[in-house]
Amino acid sequence: MKRTKKSLLLALNWVLLSFGTSIFIILAQPTAPVPAQSPASTTVETTNTPNSQQTREEQLSKPVVIPQTTPSVESTPQPTPTPKPDEADEPAPTPEEIARQEKLIAADKLYLAGQFAEAEKIYREVKAPFAKTTQPQELKPAIIDPTQLSPGGKVYWRESEAGIAKKLQSKTLVPLQLLVEQYPEFIPGHIRFAEVLKQYDRSPQALDILERAASLYPNQPELIKARVTALAEAQKWMEASLAARQFAILNPKDPQAGEFTNLAEIHLKRYKTHIQAEIRGNAIANILTGALGYAVTGSLLGPFSALDSTILLLRGEESIGESVAKQAKEQLKVITDETVVAYVNEIGQKLAKVAGRNEFKYEFFVIPEEDLNAFALPGGKIFINAGAIAKSNSEAELAGLIGHELSHVVLSHGFQLVTQGNLVGNLTQYLPLGGIIGQLSALSYSRDMERQADTLGTRLIVATGYAADGLRNLMVTLEKQQKNAPPGWLSSHPGGSERVSYLEDMIINSNYNRYTYEGVERHSEIKIKVKQLLKEKKAEEEKKQHSR
């Protein structure tokens, strides 16, 4: 009885002390977050069409897999394991596979020399068409003026205007839907259709319309502005900021580039303000759960971890990433081979330049693990398994993986999960199987986040000149390795076949070019080096086991 009273008294003292400390921390935080710095240079101009006169060197200035959900700040992250293939040696490539690789190398050389049409012809010979998809229609030049529409298009436009004037839903939506389907080049049609859909409480559909239109015509400022506005109205402030920032980065000579940069800053501030408010709201709850933990267990580990994690969250994304990355680098023993590290870093930094968030210090590390896997930490710390290099077939595929992980960073997925899961993690640490409970609580957002990262990751590789199907092709490889994986509905990530399907649909519907740079020859050279490093590591481990 005395021990219980003593524990309760100490817990009460902890609450009072922690409450005062947290109030001080919260009041010490700036009321408005510091704006992101403007890009150091906005001269990045990329293209993914064979008609461009730029060479590959002018276009490019450091897969997926089962990406790791960002771990809590109290533990070192470990990549989610993927089923291992048979330990037998890899079979020798067939003559057909060798011939295919040689053709891709020849196409890459033509592409680097600026002979885009000749390169595309070979890429098309080598790459099989997607299953159950149709070839995209030729993309027509954008139209802004309704008078430039064909007679049929003008009829749809007039009917929609009449429907708006009479406030008749079906007589407005039907002609607008036909207009955007049959005349996707008419930019005002997409914008008007989205506006009307929002008026009738169909905002998600409006966002879909603007999303598809923006993927077809990414250089149309009014269209991108409409999409940014719609994202902000849906409280998707980070996505709105990225959409605006990417337009400014990829179109530096556009008269409205400065306006888009300002929009990006505004929405980034709104996102940060929202997150900071959420963290402050959780601070008091964390104190109470810490006190409860002390009363139940008599250990100060829970209270201090609750307070420490709150302080770390208040410091921001980079602090969390730096803290966990430091532990990860120590325990995972990253590869230091200069050639391999430089290769991965070069790809990653190319993608980071167009990702839309320049306030982070992006770092890319290679782990000596054989699985095809990777994970990202908040603030720009990305870890790639050496097995991802060894099992991917081209630079474009590896870029797809890195782009996917980079997308988790710039979309703040990890930080959101850490923020939202902070209270759950502190509470469940006192329960049996608490870690599992905490992981299950995150499943409701993981699948949506994975799809977002797949979408943005594909856009990033397209924007930097890689073949648009890099990520899709890597997913095909992963799917072959996951014969014993759990069903898609049981996983926190979309299944392999599901991802391949929607990536194919996105590439087709968005008219992305998959007949461009693959980067086979250089990647093959790096693969040989990586496989040798993995072989040496395995031999070293076996030697240690025998010596015990």
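1. In what order do the 3 strands of the open sheet run? The order is β1-β3-β2, and the pairing is mixed. Keep in mind that we're looking at a predicted model here. The edges belong to β1 (363-367) and β2 (374-377), each of which pairs on one side only. From one strand to the next, the twist averages 20°.

2. β2 pairs with β3 (residues 381-385) in the antiparallel sense, over 4 bridges. Across that pairing, A374 sits opposite I384 in β3.

3. Helix α13 (residues 317-332) lies across β1, β2 and β3, at about 30° to β3. Helix α16 (residues 395-410) also lies across β1, β2 and β3, and runs at about 30° to β2.

4. On to charges: the salt-bridge count comes to 23. One of them joins K198 and E233, at 3.1 Å from N to O. This pair ties together distant parts of the chain, with K198 in helix α7 (residues 187-199) and E233 in helix α9 (residues 221-233), 35 residues apart. K198 is partly exposed at 24% relative accessibility, while E233 is exposed at 52%.

5. Helix α9 also holds a local pair: K225 and E222 are 3 residues apart, about one turn of the helix. Their salt bridge is 3.8 Å, N to O. K225 counts as buried because its relative accessibility is 18%, under the 20% cut-off; E222, at 42%, is partly exposed.

6. R245 and E265 form a salt bridge too, with the closest N and O atoms 3.1 Å apart. R245 is in helix α10 (residues 237-250) and E265 in helix α11 (residues 257-297). Both residues are buried.

Notes: Residues numbered from 1 in each chain as written. Predicted model: local features only at pLDDT ≥ 70, side-chain atom pairs only at ≥ 80, totals over all residues. Heavy atoms only, no water. Pairing = 2+ DSSP bridges. Helix = DSSP H or I, 4+ residues; strand = E, 2+ residues; numbered from the N terminus. Axes fitted to C-alpha atoms, helices over the stretch in contact; angles between N-to-C directions. Contact = heavy atoms within 4.5 Å. Salt bridge = Lys/Arg side-chain N within 4 Å of Asp/Glu carboxyl O. Buried < 20%, exposed > 50% of the residue type's maximum accessible area, 1.4 Å probe, protein only.
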